[in-house]
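Dear colleague,

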Amino acid sequence: MARHKIGLVGAGQIGGNLALFAAQKELGDVVLFDIPAAEGLAKGKALDMQQMSTIEGFDSRIVGSSNYDDLKGCDVIIITAGIPRKPGMSREDLLETNLKIMTSVAENLKRVCPNAFMINIANPLDAMVYALKKITGGSRQKIVGMSGILDSARYKAFLSMELDISMKDITTLVLGGHGDDMVPISRLTTAGGVPVTSLIKPERIKEIEDRTRQGGAEIVKLLVNGSAYFAPAAAAIEMAESYLLDQRRVLPCAVWLEGEFGLKEVYFGVPCIIGKNGVEKVLEFELNADEKAGMAKSADSVKKTMAATRL
Ligand code: A3D
């Protein structure tokens, strides 16, 4: 059987880490793609990682390219092409610039690998994955956004710090759009099966939820010149791995909704099964009144940004 092929569009901070994680896990061969002006960046990182592979002992071929034809035959594409936030910027401030970039990326992907499982990371996340779906004409099974795994990871990290317990034992999910209105579901969050709502006072849970909502901005402020990249890359690789190995993991991803949770025609973070066909199923469950209100508010924000794409 041929090795899987993973195409990474954007060879910047997240792109480089995506290449490293994919290669280290031997998910397949990797093509790190960027625009001609950044071809050296893509080729340089690829060569550096190829040399590292002989020390670390992983068998993946990693190449850099600025030629879309090199993405032909990719099983998975992960898109990070676009500018990141600077301190004080909202994700929506990136729309105009990143929509132009996404338009060109999506048109090219439609030509070279229309059937790949495509994971978008570029911000504003939900509107960009909407543009990707619109322009490529891909199915909701195959066109998804990475956000919920990262947002849940941030919530988990803060909870494990708060409770001083292993992060391995925290189970949670953060739903909704990838913005300030995201919806952490504390009611279903547990530490080794014990509800965190019985371990942490409600006011403190609220503070941790707010820190989670601002988790990206906190890092943007610290880094000054860019946004988070290790955790976003690891999160998208978790999705790619579940698809390539048909693991059928239950992961919160941005999916095109068709009535689930009472929402439709919107890209939105919900729990879903990722397997060999991409999004195999959205797992719906009953929300309480507060959670429903949170989801409705978040969906309104996402729909507004989607509408601004004029697609
Ligand atoms: P950065 O390190 O600037 O890398 C972006 C790369 O995209 C650069 O190397 C550019 O040359 C490249 N690029 C620009 N235009 C094109 C094009 N037309 N085709 C191919 N490549 C192009 O940014 P980054 O890796 O830190 O972040 C990338 C994106 O991810 C930004 O939009 C961030 O806002 C976003 N991001 C999303 C999350 C989520 O949780 C969804 C988290 C962190 C960052």
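Helices (H or I, at least four residues) and strands (E, at least two) are DSSP runs, numbered from the N terminus. In these terms, serine 147 sits in the loop between strand E6 (143–145) and H5. The model is predicted, so local features need pLDDT of at least 70 and side-chain atom pairs count only at pLDDT 80 or more, while totals for chains, interfaces and linings use all residues. Residues are numbered from 1 along each chain as its sequence is written, and side-chain values use heavy atoms, with hydrogens and water left out.

**Domains**

The chain is divided into domain 1 (5–145) and domain 2 (148–307), with bounds that come from an automatic or database domain assignment. Taken over C-alpha atoms, the centres of domain 1 and domain 2 are separated by 22 Å. Domain 1 gives 36 residues to the contact and domain 2 gives 43 residues, where contact means heavy atoms within 4.5 Å.

Serine 147 has a relative accessible area of 1% and is therefore buried (under 20% relative accessible area; exposed is over 50% and partly exposed in between, with a 1.4 Å probe and protein chains only). Leaving aside neighbours within four places in sequence, serine 147 is in contact with Leu125, His178 and Ala254.

**Pockets**

A pocket is defined on a 1 Å grid over the protein atoms alone, as an open set of points where a 1.4 Å probe fits, with protein on both sides within 12 Å along at least five of seven lines; lining residues have an atom within 4 Å of a point. Grid points are joined across faces, edges and corners, and a volume is the space filled by probe spheres set on the points.

The largest pocket holds about 860 Å³ of space. Its lining has 43 residues, and Ile14, Thr80, Gly82, Ile83 and Pro84 lie nearest its centre. Helix H1 (13–24), helix H3 (95–112), helix H5 (148–163) and helix H7 (215–223) are the elements that give two or more residues to this lining, and H3 provides the largest share, with 4 residues. Because domain 1 (5–145) and domain 2 (148–307) both give residues to the lining, the largest pocket lies between them.

By class, the lining of the largest pocket divides into 24 nonpolar, 14 polar and 5 charged residues. Here Ala, Val, Leu, Ile, Met, Phe, Trp, Tyr, Cys and Pro count as nonpolar, Asp, Glu, Lys and Arg as charged, and the others, Gly among them, as polar.

The second largest pocket has a volume of about 510 Å³. It is lined by 20 residues, with Ser152, Lys156, Thr172, Glu238 and Pro252 the closest to its centre. The largest share of this lining, 6 residues, comes from H5. The lining of the second largest pocket has 14 nonpolar, 3 polar and 3 charged residues.

**Nonpolar cores**

A nonpolar core is a set of buried Ala, Val, Leu, Ile, Met, Phe, Trp, Tyr and Cys residues joined through side-chain atoms within 4.5 Å. The largest has 89 residues, of which Val9, Leu71, Ile77, Ile78, Leu109 and Ile119 touch the most other members. Domain 1 (5–145) and domain 2 (148–307) each supply at least three residues to this core. Apart from it lies another core of 11 residues, including Tyr155, Met182, Val196 and Ile200.
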